[in-house]
There are 2 protein chains.
Amino acid sequence: MSIENQFQNGIVVLGAGNVATHLSIALKKAGYAIKCVYSKTIKAAKELALQVESHYTDDINHIPADADLYIIAVKDETIQMIVENLKLVCGIVVHTAGSISIDVFKEKFQNCGVFYPLQTFSRSRKIDFGEVPICIEASNEELENKLFNLASSLSKSVFKIDSEKRKSLHLAAVFACNFSNHMYSIAHEILNQSGVSFNLIKPLIKETAQKAIDQEPLKAQTGPAVRNDENVILKHLEMLKNSSDYEKIYRFVSKSIYKLNNQEE
Amino acid sequence: MSIENQFQNGIVVLGAGNVATHLSIALKKAGYAIKCVYSKTIKAAKELALQVESHYTDDINHIPADADLYIIAVKDETIQMIVENLKLVCGIVVHTAGSISIDVFKEKFQNCGVFYPLQTFSRSRKIDFGEVPICIEASNEELENKLFNLASSLSKSVFKIDSEKRKSLHLAAVFACNFSNHMYSIAHEILNQSGVSFNLIKPLIKETAQKAIDQEPLKAQTGPAVRNDENVILKHLEMLKNSSDYEKIYRFVSKSIYKLNNQEE
């Protein structure tokens, strides 16, 4: 039986945000039928449904009960509520969140799992889903294999990761993605205030990421903090004295760089 | 007169670290003669000199006085000392440091400038110098043009940037490069402790950098901090409670993300 046939009764997507949108489009492209898109915002539900030729609803009670798979792709904090309100269904119920345990389904849905695409999604930005690592967990082995096969039909990188490990992965992703992006944002602001184009540091951003990918980031570290160049550090702190947040971040991150890089040598 | 001919009496490189090495090799490749490499460590001087077919010395008094250009590519904190100890020379004297003003030469060398390649260099890693932005400053317009032409023969991105702007650029680079790399290092450590491969988040690191390059980083922000998802944030802080440095960084960066992204909306 082909993978598509294992889900021939269709897939319901709950959510119409960044993850829901990119995932639904990738599923549709891979040949799966999206049966229904649910969002509490009817406009968002409709917009996504149009892209994947699906029904849509803003009433959780109107979600069809006979689909093979229910993907809850909403904000982490909303998952619990969706699980409580979703009626009993025959199909597999999964969520896509890094930080939420599979236990959220425990009492209500026996056939459940997690389908966590480890990437930063923005709605307007195209993503090659084939390159997105997908982390899979399921309530039993048969389901796990089913989800693994589904994920493998979307991406070349699929991993079986339990809830405990996924929590660490999510925390690591916050540092590697959200926090590094904030460092770019601060750089952007500093340059903006000095009338220097952000374009000048784009090759640096690219090379820094590529270096961390090609070698260990710890070994790739350069700059005043790792050298403990106090003159430069003090000058930088002085330049940041009008922004207590950035000054604090500069101070703590510099200290932490020096510590980490010297402890492991 | 060709650019090489403007420097036909050769170039002296002071320093044999990451920047000195990559820059010397790029200059040699572009057809310039490296006349002498100076380093206080004779082994390092010799190693670089062999690569660029140059003389070398660990005695600053043995540096030839008749070269056209002297490039001081040492640690920022050492530049002042080198300037003091270098004998008077006819050629142009420049340094390569982001954080040091051109004024460091003021009293001693009239023909001076700055030649700041804005990139993160590791000795073992190849760099395409054609893609490295070079920031130029000089004590007069004629020199500035000379340095601009020299830089343009190495790289397609050359900018005239004064010391004040260069300081901001250097500070921005510390955030965008050293600090974002530290975020990768922390992620690496978290994954290591959980037995999860760092490979899983490599596509995320790549996409995060590419997003910041293609759109503004502020608009690219995702994750729990920008959503102010307190449940997730508290869980993450709990996971970090044994590492007070990382907990602090998590707390301050999250707060700063929320503030910055909401103030500018």
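Start at Phe175(A): setting aside neighbours within four places in sequence, Phe175(A) is in contact (heavy atoms within 4.5 Å) with Ser180(A), and across in chain B with Met183(B), Ile186(B), Ala187(B), Ile190(B), Leu240(B), Tyr246(B), Ile249(B) and Tyr250(B). Keep in mind that this is a predicted model, where local features need pLDDT of at least 70 and side-chain atom pairs count only at pLDDT 80 or more, while totals for chains, interfaces and linings use all residues. Residues are numbered from 1 along each chain as its sequence is written, chains are lettered from A in the order in which they are written, and side-chain values use heavy atoms, leaving out hydrogens and water.

Now zoom out to the whole contact, which takes 92 residues from chain A and 92 residues from chain B. Together the chains bury about 8900 Å², 67% of it on carbon and sulfur atoms; buried area here is the accessible area (1.4 Å probe) lost when two parts are put together, summed over both. Phe175(A) turns up again: with Arg125(A) and Leu200(A), Phe175(A) supplies 8% of the area that chain A buries against chain B, more than any other three residues.

What about charges? Eight salt bridges cross the interface of chain A and chain B, a salt bridge being a side-chain nitrogen of Lys or Arg within 4 Å of a carboxyl oxygen of Asp or Glu. One of them joins Arg125(A) to Asp214(B), with the closest N and O atoms 3.1 Å apart.
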